[in-house]
Amino acid sequence: MDWNDPEFEEMASELRQQVGGEFRMEAEAVEEDAAKLVLRRRDLSDVALEFLNRGDIVGASGLNVSYTGVVTHAAGDLTIIDTPHSVINVNLEGPISLHVTKRAQSGGRSRANGSQSYRSRMLELEISGEFVEIVSSGSGSTEGTISVVGSDHVVLIDRDDTEWFIPLSTIAFTLQRR
C-alpha cells in the first residue's frame with residue numbers, strides 16, 4: 001500500500017474538508033448562540049442607548065400616538081427624542097414601543113450629562129415650570145405645568161387649575177412644544 005497514492009491523497013483531502021466544514025458549522029452555531037444571549041440580556045434602555053450612539057431616526061409609539069425624531073439623550077428609563085415641533089421625553093417603563101424609521105449611515109452621539117431617569121426629568125420640568133403635555137393611559141393627553149413629582153406620580157395643573165394625579169407607570173410621553 002502506497003500512502004502517496006493519488007486515491008489516498010484525494011480521500012484524505014475529502015476527510016479534511018468534511019471535518020473542517022463541521023468545525024466551521026459548529027463555530028457558526030456557537031457564535032449565533034452567543035449573539036442571541038447578548039440580545040436576551042439587553043433591556044429597552046440598552047436599545048435606546050444604541051439608537052443614540054448610532055444616530056438613527058427613531059419612532060416612539062404608544063396610546064394611539066407616534067413621534068419620530070433623533071434620540072438626543074438616553075439614560076435609565078428615559079429617552080429624549082428631538083422632533084421638529086417638540087422635545088419628546090419617553091418613559092421606557094410606560095406603555096410605549098420603539099422602532100427604527102431610518103438607520104443612520106454615520107453620526108450618532110455618546111451619552112452626555114443629563115437626567116438619569118424619567119422621574120428625575122419630571123423633577124427638572126417641575127422646577128422649570130414649563131408648560132408640557134403628558135400622554136398617559138389614565139388621563140389621555142393633558143396639558144399644564146407639573147406642580148409636584150411624587151414617588152410614583154406627577155401632579156399636573158391644567159389651564160382650568162384642575163389637579164391631575166398621574167401615575168408614572170401610566171405615562172408614555174411628556175412633550176415640550178417649541
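How many helices and strands does the secondary structure of the protein chain come to, and which residues have the most contacts inside the largest nonpolar core?

Mentor: This is a predicted model, in which local features need pLDDT of at least 70 and side-chain atom pairs count only at pLDDT 80 or more, while totals for chains, interfaces and linings use all residues. Residues are numbered from 1 along each chain as its sequence is written, and side-chain values use heavy atoms, with hydrogens and water left out.

The protein chain has three helices and ten strands. Helices (H or I, at least four residues) and strands (E, at least two) are DSSP runs, numbered from the N terminus. In order from that end, the elements run α-α-β-β-β-β-β-α-β-β-β-β-β. Of the 178 residues, 35% count as buried, where buried means under 20% relative accessible area, exposed over 50% and partly exposed in between (1.4 Å probe, protein chains only).

Now the core. A nonpolar core is a set of buried Ala, Val, Leu, Ile, Met, Phe, Trp, Tyr and Cys residues joined through side-chain atoms within 4.5 Å. The largest one has 20 residues, and Val71, Ile81, Ile88, Val90, Ile96 and Phe173 have the most contacts inside it. Two or more residues each come from helix 2 (44-54), strand 1 (57-62), strand 2 (65-75), strand 4 (86-91) and strand 10 (171-177). Helix 2 gives the largest share, five residues. Apart from this core lies another, of 14 residues, including Leu78, Leu125, Val149 and Ile171.

Take Ile88 as an example from the largest core. Contact means heavy atoms within 4.5 Å. Leaving out residues up to four places away in sequence, Ile88 touches Tyr67, Thr79, Ile80, Ile81, Thr83, Phe173, Thr174 and Leu175.

Two of those partners, Tyr67 and Phe173, also deserve a look as a pair. Rings of Phe, Tyr and Trp (its six-membered ring) pair if their centres lie within 6.5 Å; planes under 30 degrees apart count as stacked, over 60 as edge-to-face and the rest as tilted. By this rule there is one aromatic pair. The ring centres of Tyr67 and Phe173 are 5.0 Å apart and the planes stand at 80°, so the pair is edge-to-face. Tyr67 belongs to strand 2 and Phe173 to strand 10, 106 residues apart, and the pair links these distant parts of the chain. Tyr67 is buried because its relative accessible area is 15%, and Phe173 counts as buried at 0%.
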